[in-house]
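Subject: Structure handover

Hi,

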Amino acid sequence: MSGFTIAVDGPAASGKGTIAVKLGALYGYPVLDSGLLYRAVGVRLLESGGDLSDEVAATAVARTLDPAELERPEVRTRAAGEAASRVAIFTPVRQVLREFQIAFARREPGAVVDGRDIGTVIAPWAPAKVFVTASTEVRAERRWKQLLLQDETISFDDILADIRVRDHRDTARADSPMAMASDAVLLDTSEMTIDGAFDAARRIVETARARWEQSLG
Ligand code: C5P
């Protein structure tokens, strides 16, 4: 038996992280940003002098990952995002990180998990699934504004290029992580404010919650 699991998936900088945090606060549920797991693996691999194309080394790092590493400021940088998307293509890395995510998603009375494959691979049974998206340009602008706080020399064009590369890595192969579950609700936030996007997500989740409660009898 699991609680009310809310899966929030979508591409980089779609707004899914903000929506997930706000949903967690609304329901009083813990929130896992699963991207931080891949970021932490990438960061530690780089710090130990490892190579981001070394699947064996990346898997070894994933095996010894300490959840405290998710709190490190280093995992929130642009370089960490890039490193994350490189190690995330390795199936053994994904397998090692899966158990932690599944255990989190099953927490009672509920949990919010955001990522790419939460509704499809980690918690296909989740009663509420939202797939958050936005146009490439809008996502690049949001991420650029965030990263400007860390480094004011970063250009919009560089971030747009980053987002395109990341989207490609996350979707290019048949076994790529990003996929919308057939029972997820698509939420395009391109034209929405943060409050508007959260409100739309909240309504989707409330509908799912009513259906879930009914199914419990
Ligand atoms: O969401 P965030 O930008 O932090 O994710 C960093 C990278 O980690 C993504 O570009 C993606 O390659 C990978 N990722 C993943 N599966 C997830 C979450 C993130 O493959 N559930």
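A definition first: axes are lines fitted to C-alpha atoms, for helices over the stretch in contact, and angles run from 0 to 180 degrees between N-to-C directions. Note also that this is a predicted model.

**Helix 2 against helix 3**

Helix 2 covers residues 35-47 and helix 3 covers residues 55-63. Their axes are 9 Å apart, at an angle of about 115°. The crossing of helix 2 past helix 3 is right-handed. Helix 2 contributes Val41, Arg44 and Leu45 to the contact. Helix 3 contributes Ala57, Ala58, Val61 and Ala62. By class, that makes six nonpolar residues, one charged and no polar.

**The cores**

The largest nonpolar core holds 33 residues. Tyr38, Val41, Val87, Val93 and Leu97 have the most contacts inside it. Two or more residues each come from helix 2, helix 3, helix 4 (78-87), helix 5 (91-105), strand 3 (110-115) and helix 6 (118-122). Helix 2 gives the most, with seven residues. A second, separate core has 21 residues, including Val8, Tyr29, Val132 and Ala200.

What does tyrosine 38 touch, leaving out residues up to four places away in sequence? Its contacts are Ala84, Val87, Ala88, Val93, Arg94, Leu97 and Gln101.

Helix 4 buries Ala80, Gly81, Ala83, Ala84, Ser85 and Val87. These buried residues pack against helix 2, helix 3, helix 5 and helix 8 (156-171).

Glutamate 69 sits in the loop between helix 3 and helix 4. Is glutamate 69 buried or exposed? Its relative accessible area is 12%, so glutamate 69 counts as buried, the cut-off being under 20%. Setting aside residues up to four places away in sequence, glutamate 69 touches Ala40, Arg44, Thr64 and Val75.

**Helix 9**

Helix 9 runs over residues 194-216, 23 residues in total. From first C-alpha to last it reaches 32 Å, close to the 33 Å expected at 1.5 Å a residue. Its buried residues are Ala197, Phe198, Ala200, Ala201, Ile204, Val205, Ala208, Arg209 and Trp212. Their cover includes strand 1 (4-9), helix 1 (16-27), strand 4 (128-133) and strand 5 (185-188). Glycine 217 follows helix 9, with a positive phi near 85°.

Best wishes

Technical notes:
Residues are numbered from 1 along each chain as its sequence is written. This is a predicted model: local features need pLDDT of at least 70, side-chain atom pairs count only at pLDDT 80 or more; totals for chains, interfaces and linings use all residues. Side-chain values use heavy atoms; hydrogens and water are left out. Helices (H or I, at least four residues) and strands (E, at least two) are DSSP runs, numbered from the N terminus. A crossing is left-handed if the near helix is turned anticlockwise from the far one by less than a right angle, and right-handed if clockwise. Contact means heavy atoms within 4.5 Å. Ala, Val, Leu, Ile, Met, Phe, Trp, Tyr, Cys and Pro count as nonpolar, Asp, Glu, Lys and Arg as charged, and the others, Gly among them, as polar. The expected span of a helix is 1.5 Å times one less than its number of residues. Buried means under 20% relative accessible area, exposed over 50%, partly exposed in between (1.4 Å probe, protein chains only). A nonpolar core is a set of buried Ala, Val, Leu, Ile, Met, Phe, Trp, Tyr and Cys residues joined through side-chain atoms within 4.5 Å.
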